[in-house]
Amino acid sequence: MEILKVNDLTVYFDTRCRPVKAVDGISFALRRGETLGIVGESGSGKSVTALTVMGLAQSIGARIVSGEVWYDGKNLLSSQDLYRQVRGKKISYIPQEAAPALNPVLQVGKQLGEMLSVHLGLSAGDVRRKTAQLLETVELPQPELVARLYPHQLSGGILQRVLLAMALSCGPDIIIADEPASSLDTTIQAQILRLLGTIKAREGLSLILIAHDLGVIYQNCDRVLIMYGGRIMEAGLTSQILENPLHPYTVSLLETYRCLEEGMKQPGLTKSCPPASRENIPDALGCVFAYRCQRAMDICFLKKAPSLTLDDGRTVSCHHLLHLRQDGNPDARM
Ligand code: SF4
């Protein structure tokens with residue numbers, strides 16, 4: 001059952017030259033209790049999608065051109081009032097960097113307490129108790145001591161746990177985690193993701209996990225969206241997509257990941273430009289990956305590929321795959 005649905009979302013950044021499409025007509029749904037991964041290179045539109053779903057697109061200077069974000073029977077994009085009712089309460093956000101998200105001159109316990117008193121209207125005593133309880137939930141030892149400290153006195157890993165406690169403070173249905181702890185070392189990142197997964201399962205939450213690391217997606221997500229140039233290239237079950245990719249971009253992304261893991265030089269995608277620099281700037285009528293794709297055909301530069309739903313349930317947007325299937329080769333690989 002779907003708890004969140006995004007329909008035909010298009011978001012622009014208005015530059016002096018022309019509008020740049022950060023998100024270009026994407027649709028997806030988050031099912032109750034699942035972890036949905038969104039993966040892609042920098043500039044693929046992952047974070048803009050997340051911030052738009054949170055109702056924060058304007059805070060980064062983006063303009064929503066079209067689309068709907070449905071939660072609890074309401075299109076949140078129809079009114080900022082609706083967002084005020086759900087943001088931070090029913091839908092929480094964990095940003096990539098913990099330190100800039102916190103007030104440096106306020107003890108972390110006070111910041112957590114402020115959320116509790118503003119959103120839940122708790123008394124001072126209840127705020128103290130709930131603050132300590134939340135810090136315990138995120139497995140912080142000595143929660144009373146941590147609550148009295150300022151952000152600069154805490155490590156990056158502890159700050160990420162504080163942000164997780166904040167995200168949980170009002171009993172959300174959905175958490176959107178934008179590359180949580182990716183700036184920390186891999187051990188700490190793995191600990192934070194494990195904790196997030198444990199809490200999600202225990203509380204019955206639904207999670208959108210944004211990452212550029214395919215390993216993180218593989219280990220933590222039920223389904224995945226592969227994004228490039230603001231569009232969804234391929235979407236489906238994580239095991240299907242990462243073990244048996246069909247879209248040329250997903251294939252290249254996996255090859256690049258494997259090369260980097262094995263320490264090989266010049267993996268495929270690093271030989272060419274990322275999307276924001278070139279093909280995303282013109283009002284791309286065709287496939288946004290065409291300039292980097294080894295399978296590109298003439299039609300790829302002229303016409304956006306339709307989204308095909310395959311027998312295994314995944315969706316893929318690619319002319320090459322469409323042609324292979326029209327030629328009667330439904331299992332054809334790229
Ligand atoms: Fe490559 Fe064309 Fe498929 Fe785009 S639509 S990924 S350019 S083959």
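Reader: Why does Phe-301 count as partly exposed?

Author: This is a predicted model, by the way. Phe-301 has 39% relative accessibility. Buried would need under 20% and exposed over 50%, so Phe-301 falls in between and counts as partly exposed. Phe-301 lies in helix H11, residues 298-302.

Reader: What makes the nonpolar surface patch of about 350 Å²?

Author: Three residues: Tyr-291, Phe-301 and Leu-302. A patch residue has to have over 30% relative accessible area, and Phe-301, at 39%, clears that cut-off.

Reader: How far apart are Asp-178 and Ile-210, in sequence and in space?

Author: They're 32 residues apart in sequence, but C-alpha to C-alpha they sit 4.8 Å apart.

Reader: And Gln-111, buried or exposed?

Author: Buried: Gln-111 comes out at 8% relative accessibility, against a cut-off of under 20%. Gln-111 lies in helix H3, residues 108-120. Not counting residues up to four places away in sequence, Gln-111 touches Leu-102, Asn-103, Leu-106, Pro-151 and Met-166.

Reader: What makes strand E8 mostly covered?

Author: Six of the six residues in E8 (206-211) are buried. Both faces are covered, with Ser-206, Ile-208 and Ile-210 on one side and Leu-207, Leu-209 and Ala-211 on the other.

Reader: How do you know that E7 and E8 pair?

Author: Two strands pair if there are at least two bridges between them. Five bridges join E7 to E8, so the pair qualifies, and the two run parallel.

Reader: How many bridges pair E4 with E5?

Author: Two, in the antiparallel sense, with E4 spanning residues 62-71. The cut-off is at least two, so E4 and E5 do count as paired. Tyr-71 stands opposite Lys-74 in E5.

Reader: Why do E2 and E5 stand at the edges?

Author: The open sheet has the order E2-E1-E4-E5, with antiparallel pairing. Strands E2 (19-31) and E5 (74-75) each have a single partner strand, so one side of each is left without a neighbour in the sheet. Helix H1 (residues 46-53) packs on this sheet, touching E1, E2 and E4, and its direction makes about 115° with that of E1.

Methods
Residues are numbered from 1 along each chain as its sequence is written. This is a predicted model: local features need pLDDT of at least 70, side-chain atom pairs count only at pLDDT 80 or more; totals for chains, interfaces and linings use all residues. Side-chain values use heavy atoms; hydrogens and water are left out. Helices (H or I, at least four residues) and strands (E, at least two) are DSSP runs, numbered from the N terminus. Contact means heavy atoms within 4.5 Å. Axes are lines fitted to C-alpha atoms, for helices over the stretch in contact, and angles run from 0 to 180 degrees between N-to-C directions. Patches are made of residues with over 30% relative accessible area and no salt bridge: like charges are joined within 9 Å, nonpolar side chains (Val, Leu, Ile, Met, Phe, Trp, Tyr) within 5 Å. Accessible areas come from the Shrake-Rupley method with a 1.4 Å probe; for residues, only the protein chains shown count as cover. A salt bridge is a side-chain nitrogen of Lys or Arg within 4 Å of a carboxyl oxygen of Asp or Glu. Buried means under 20% relative accessible area, exposed over 50%, partly exposed in between (1.4 Å probe, protein chains only).
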